[in-house]
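Here is a short briefing on one protein chain. Keep the sequence and the 3D view open while you read.

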Amino acid sequence: GSTTSVDGIREYLKKVNGNEPSKNTIYNYLSVLENAKIISKCSRFDLKSKKSINGEEKYYLTDLSFYFATNTDNRINYGPVLENIIYNYAVLNGYSVSIGKIGKLEVDFIVRDIINNDYAYIQVAKTIDNGIVNEKGIPVTEEREFRPLESIKDNYPKYVLTLDYLLQQRNGIKHENIINLVNNNKKFI
């Protein structure tokens, strides 16, 4: 679920292995992994210009067992894992999924019902209630997750999905528990 650039992959491989494969080679490997259904590409969409953005796609694992098989220290980075779960959940429920960009802010997902052409916007976090506040007393994580959704001025549904059981609503944005959402097979639209 991290932003992926071919240049970033090339730099990493050069640092680790000392060799620098061509961009074409990296694109070919990504294509093979995508065709083998190991990863799935999620493109970016600029909400202001209403256009797709080329480059810096995110790739999600189609099966999280790949993550756990390579996770040698047994610690889970919940943010990307939960984001990956919601991405796969949305795709399995027939939504077209992209990442939203609003200026410098990012919305984790824009899901679209292809048949009815309806949208929903989704932010994913482990929790928004971690007790961290800024100098003004505003909860930092809550603000980070709600702010991008609040800057979208249309009336499509907006969600913040977490593992929190104490849920809150803010400016019409629905706060949902991920476990309950998936167990009840709830739809976004």
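The chain averages a pLDDT of 89.

**Confidence**
- A pLDDT of at least 70 is reached by 97% of the residues.
- Among the elements, strand E6 (residues 158-162) has the highest mean pLDDT, at 97.
- Strand E2 (residues 51-61) has the lowest, at 79.
- Where pLDDT is low, the predicted coordinates should not be read in detail.

**Helix H1**
- Helix H1 covers residues 6-17, which is 12 residues.
- Its end C-alpha atoms lie 16 Å apart.
- Gly-18 follows H1 and has a positive phi, near 85 degrees.

**Helix H3 and the surface**
- Helix H3 spans residues 65-70 and holds Phe-68.
- Ala-69 also sits in helix H3.
- Phe-68 has a relative accessible area of 41%, so this residue is partly exposed; the class runs between 20% and 50%.
- Ala-69 has a relative accessibility of 65%, so this residue counts as exposed; the cut-off is over 50%.
- Ala-69 and Pro-80 are 11 residues apart in sequence. In space, their C-alpha atoms are 16 Å apart.

Methods
Residues numbered from 1 in each chain as written. Predicted model: local features only at pLDDT ≥ 70, side-chain atom pairs only at ≥ 80, totals over all residues. Heavy atoms only, no water. pLDDT = per-residue confidence, 0-100. Helix = DSSP H or I, 4+ residues; strand = E, 2+ residues; numbered from the N terminus. Expected span 1.5 Å × (residues − 1). Buried < 20%, exposed > 50% of the residue type's maximum accessible area, 1.4 Å probe, protein only.
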